[in-house]
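Here are my notes on this one, as promised. Have a look at the model first, then go through the points with it open.

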Amino acid sequence: MSVLIIILVVVVLLVVWGISIYNNLVKLRNNRENAFANIDVQLKQRHDLIPQLVATVKGYAQHEKELLERITQARSAAMSANTINDKIQAENALSSALAGLKVSVEAYPDLKANQNFLQLQEEISDIENKIAATRRYFNTATRELNNAVQIFPSNIFANMFGFHKEPMFEIPQEDRATIEKAPEIKF
């Protein structure tokens with residue numbers, strides 16, 4: 001009789017342990033989704049500012065039409081993306097297009113002096129900083145989920161219940177050089 005009780009206790013402990021691992025995986029996945037929801041708020045604000053920025057620049061930089069169209073198309077793609085992974089890819093393309101705008105406006109001193117443009121540029125810069133902060137939090141949540149999905153023994157439960165490694169929200173490789181370059185200071 002005591003052997004049966006020991007077996008029953010071991011089985012109950014294994015079931016409780018399995019439920020605990022599963023619940024942790026769900027918590028980590030939900031934490032990642034919540035972290036992306038925070039990014040999504042900032043991205044929406046950025047999407048709302050882009051048409052104003054493009055309209056302001058259009059008046060000064062007629063021959064930058066191709067760049068402005070690329071920004072507009074990237075914005076549309078970013079707004080229509082549905083999944084987290086699609087949004088990450090679309091937002092990286094939009095960030096790349098906006099980086100191109102920063103480089104080209106250097107050729108227009110009148111535009112750089114325009115108050116509306118300066119205010120929009122400041123707002124976008126502020127939003128970009130907020131996106132960077134929420135991106136770090138999102139990547140931390142993603143790393144925790146990925147660790148749980150890949151580390152034994154939780155990887156067994158992850159595979160059984162359809163959890164898988166998720167991508168980080170990283171800066172595209174082609175934009176790293178621009179970001180890592182020290183700013184030029186001109187007097």
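1. Start with N31, which sits in helix α1. This is a predicted model, so keep that in mind as you click around. Is N31 buried, exposed or partly exposed? The relative accessible area is 23%, so N31 counts as partly exposed, given that buried means under 20%. Beyond its sequence neighbours up to four places away, N31 touches Y137, A141 and E144.

2. Now hop over to T142. In sequence, N31 and T142 are 111 residues apart, yet their C-alpha atoms are 8.5 Å apart in space. T142 belongs to helix α5. With a relative accessible area of 0%, T142 is buried. Which residues is T142 in contact with, leaving aside neighbours within four places in sequence? They are R32, E166, P167 and M168.

3. F138 deserves a look as well. Not counting residues up to four places away in sequence, F138 touches R32, A35, F36, I39, I84 and I88, and also P167, M168 and F169. R32, P167 and M168 turn up again among the contacts of T142.

4. On to the largest nonpolar core, which has 30 residues. The members that touch the most other members are F36, L53, I71, L94, L101 and F138. Which elements give two or more residues to this core? They are α1 (2–60), α2 (65–80), α3 (84–104) and α5 (115–150). Helix α1 provides the largest share, with nine residues. Another core, of 10 residues, lies apart from it, and A148, V149, F157 and F163 are among its members.

5. For the aromatics, I'd go through the rings next. How many aromatic pairs are there? The count comes to six. One aromatic cluster is formed by Y22, F161 and F163; F163 is also one of the residues in the 10-residue core. Over at F169, R135 lies over the face of the ring, 4.3 Å from the ring centre. F169 is also one of the residues that F138 touches.

6. Last, a backbone detail to check. Where is the cis peptide bond that joins F152 to its partner? The bond links F152 and P153, with omega at about 5°. P153 is found in the loop between α5 and α6 (154–160).

Terms used
Residues are numbered from 1 along each chain as its sequence is written. This is a predicted model: local features need pLDDT of at least 70, side-chain atom pairs count only at pLDDT 80 or more; totals for chains, interfaces and linings use all residues. Side-chain values use heavy atoms; hydrogens and water are left out. A nonpolar core is a set of buried Ala, Val, Leu, Ile, Met, Phe, Trp, Tyr and Cys residues joined through side-chain atoms within 4.5 Å. Buried means under 20% relative accessible area, exposed over 50%, partly exposed in between (1.4 Å probe, protein chains only). Helices (H or I, at least four residues) and strands (E, at least two) are DSSP runs, numbered from the N terminus. Contact means heavy atoms within 4.5 Å. Rings of Phe, Tyr and Trp (its six-membered ring) pair if their centres lie within 6.5 Å; planes under 30 degrees apart count as stacked, over 60 as edge-to-face and the rest as tilted. A charge sits over a ring if NZ of Lys or CZ of Arg is within 6 Å of the ring centre and within 35 degrees of the ring normal.
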